[in-house]
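I opened this entry to keep track of what I looked up. The structure comes first, then my notes.

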Amino acid sequence: MSLRQRHTLSRPGHEYERAQEEEHADDVYQNPNSRHPIEKILETDRASTIVVAVLTTLAFALRFYKINQPDQVVFDEVHFGKFASYYIQGEYYFDVHPPFAKLLFGLAGWFSGFDGQFHFDNIGDSYTANHVPYVGMRALPAILGSLTVPVVYAIMKQSGYSTIISAFSAAIILFDNAHIAQSRLILLDATLIFFMSLTIYAYIRFQKLRYREFSTEWWGWLLATGAFMACTWGSKVNGILTVVTIGIAVLVDLWKLLDHRRGSMDYFWRHFIARSIGLILVPFVIYLSFFYVHFALLPTSGPGDSFMSPAFQETLSGNEMLLSSKEIRYYDTITMRHKDSKVYLHSHVERYPLKYDDGRISSQGQQVTGYGHADTNNYWQVYPTKAIPETGSGRVVRHGDVVQLLHVNTNSFLLTHDVASPLMSTNQEFTTWPKDDKSKHNETLFTLNLIDANDGQAWKTKSGYFRLVHGKTRVSMWTHSKQLPEWAFKQQEINGNKNPTEKTATWFAEDVILDEDEEDDRVESQPAKAPKKMNFFKKFAELQLLMMQHNAGLTASHPYASGPINWPFLLSGISFWTESDTQKQIYLIGNLIGWWTCVVALSIYVGILGADLLARRRNHEPIPEPVRNRLWNSAGFFFLVWGVHYAPFFLMSRQLFIHHYLPSHLASALIAGAILQFVLSETVNYPISIRGPKTRAQIRQYSDIGLKGPIILGIYCVLLFAMFAYIAPLTYGTPGLTGEQVNSKRLLSTWTLHFAAKKTAEV
């Protein structure tokens with residue numbers, strides 16, 4: 001391409017600016033007969049329909065091939081299959097992901113005749129032996145994964161790329177082993193990626209109508225973008241990245257509309273309100289509706305109860321708080337557990353060492369720890385600090401009361417003082433003090449603060465989360481996951497957190513301990529309780545907060561976790577399933593040819609943009625304006641999708657796996673098509689947007705990749721399929737492989753495959 005000197009254009013006014021700034025369609029045509037005959041045939045609607053039909057048929061064939069294998073629970077099917085069973089049985093559960101995709105699995109299971117009795121407890125559990133209609137449930141992601149392929153094709157076509165280029169991007173997804181493996185199992189990613197691709201498609205259709213603003217079709221695609229975006233967000237927690245992507249694109253769009261040459265402020269505010277309705281209000285209402293259905297389908301007590309607040313739990317029928325919560329009275333002996341870690345407040349006769357490993361000195365007081373098992377050393381008696389009647393409601397412990405807690409086995413009161421705790425020098429040590437020694441009476445006084453309680457509210461077992469705040473130093477009793485050394489039997493540290501309202505310093509009384517011959521009149525006097533009501537928005541807000549907290553808390557190590565820097569290069573995968581007898585395995589890994597093509601395309605794209613910026617800085621324009629617009633606007637949007645769905649993972653400390661990269665991989669496949677278009681043709685299909693009543697006509701031009709485009713696509717598809725077929729036994733989990741065959745499939749030394757043959761040196 002020859003360099004062109006930049007020309008200074010006169011700007012006659014608002015309409016010229018509006019016409020020239022972006023692409024649009026018109027009725028002035030360049031003679032298309034100069035294009036290669038193959039190109040003209042492929043660009044017909046009939047040819048495009050045939051290509052879509054072939055791509056879709058192949059996608060369904062590859063994703064449904066032996067979908068009944070293995071007939072066992074695979075990888076995270078232990079979670080998402082289990083959640084489907086909870087929907088069918090109506091039992092409340094907790095998960096870090098929003099419910100939309102899981103609701104679809106529940107619906108698919110219900111349609112398939114699943115009764116919810118099988119709970120997907122362990123990887124390898126047999127579906128066939130337990131009569132689970134798992135194929136119907138796996139069919140849902142397989143259908144969505146298959147339909148993603150034609151959506152990718154449609155995205156490229158609507159963005160102005162030729163049929164061959166669109167098929168090139170779609171083929172990368174079509175023959176990708178990782179996308180296929182994810183789409184054949186009861187997992188969330190196929191739903192996430194399908195609706196993410198629909199969101200991209202709908203937003204591109206909306207943008208193409210920007211010169212016909214506020215028309216019925218414009219509104220339709222705006223609302224469709226919002227609806228698909230909500231479904232993406234509702235499928236998996238990282239679907240929020242799609243919302244961020246569209247949000248950034250909309251902000252850029254609004255910034256352009258704010259230009260005084262584009263119109264008045266009234267004009268800008270009309271656009272702002274329209275986008276607020278279509279891309280904020282509508283998606284949020286749809287997202288809320290997923291949770292409304294979620295709560296409605298889970299009315300009874302289940303395994304998720306303990307994650308929720310007492311007020312939430314009391315809305316679930318059959319919940320233990322409704323059935324067996326008891327008012328706690330003074331002189332009751334109780335057990336107390338930490339809300340998050342579930343350890344009991346515990347003490348024993350052993351004492352803190354005089355000197356810790358870091359040289360700090362302790363009080364040598366009696367150890368107070370967190371212990372994970374039932375034990376009589378978990379028993380504490382509630383003592384009053386005021387006069388109480390012998391009978392009646394005056395003996396009930398209430399919110400705001402100042403109490404003492406007597407450790408029953410050692411006859412000593414819980415105490416904290418201004419001595420550093422064993423593991424955290426900033427927090428206070430918890431210990432005990434002999435009951436008969438009054439010299440440290442004030443250090444044994446604690447205020448009982450019930451969470452979200454009214455004045456005078458009774459303290460109850462199981463249904464009353466509380467914080468225990470020290471009266472003198474105002475620290476709250478707290479614990480954390482780090483274990484104490486051997487001298488404390490590696491139990492959990494209890495210490496005083498200097499924030500009296502620390503949210504993680506939350507405890508609950510588990511039970512009132514009675515003597516064997518003692519009768520409890522509190523049980524007999526309680527009438528049967530009906531589930532309580534709770535405002536939907538309070539339930540929604542509570543669940544959202546817990547989802548974020550627990551998602552961030554997934555920091556435990558995992559043998560197949562990997563860092564984001566490794567993902568684009570396929571340096572490692574995930575072992576989904578193995579069967580030792582037959583030496584079968586499913587190993588999640590992508591198609592090396594497709595993934596490395598995308599890496600090369602990303603590198604070339606960044607290089608082209610950098611070179612273009614440098615050339616324009618020196619008053620040269622090596623790239624024609626329509627081609628540049630396509631690179632910066634269309635491919636730039638794809639690059640935004642890739643970056644927003646990839647970069648945030650570098651900031652996360654939670655467990656990360658290669659399947660988190662699949663949305664970005666789809667975006668990189670779109671960029672790969674854009675780069676191939678740039679390499680093969682000096683022109684593009686331009687303009688592509690729908691011409692408005694006030695936009696000026698532009699001379700239409702066409703992409704012309706000639707015969708070389710179909711040839712390259714054909715060769716590339718053969719290579720993609722060959723690589724796909726070669727590692728297909730790892731994707732489908734069949735057939736079983738010998739040790740030597742496993743070694744041959746390990747194309748990179750970093751892949752950790754099972755059943756590999758040990759290499760022996762030749763003598």
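**Surface patch**

I looked for nonpolar patches and noted one on the surface, formed by Leu223, Trp255, Leu258, Met265, Trp269, Phe272, Ile273, Ile277, Leu281 and Val285, with about 960 Å² of accessible area together. Such a patch takes residues with over 30% relative accessible area and no salt bridge, with nonpolar side chains (Val, Leu, Ile, Met, Phe, Trp, Tyr) joined within 5 Å. A salt bridge is a side-chain nitrogen of Lys or Arg within 4 Å of a carboxyl oxygen of Asp or Glu. Areas are by the Shrake-Rupley method with a 1.4 Å probe, and for residues only the protein chains shown count as cover.

Helix α12 (residues 265-297) gives the largest share of the patch, seven residues. Helices (H or I, at least four residues) and strands (E, at least two) are DSSP runs, numbered from the N terminus.

I then checked isoleucine 277, which lies in helix α12. Isoleucine 277 counts as partly exposed because its relative accessibility is 33%; buried means under 20%, exposed over 50%, and partly exposed in between.

**Whole protein**

I noted 22 helices and 16 strands. Of the 763 residues, 54% are buried. The C-alpha atoms fill a box of roughly 105 × 80 × 55 Å along the principal axes.

**Basis**

This is a predicted model, where local features need pLDDT of at least 70, side-chain atom pairs count only at pLDDT 80 or more, and totals for chains, interfaces and linings use all residues. Residues are numbered from 1 along each chain as its sequence is written, and side-chain values use heavy atoms, with hydrogens and water left out.

Notes: Patch = residues over 30% accessible without salt bridge, like charges linked within 9 Å, V, L, I, M, F, W, Y side chains within 5 Å. Buried < 20%, exposed > 50% of the residue type's maximum accessible area, 1.4 Å probe, protein only.
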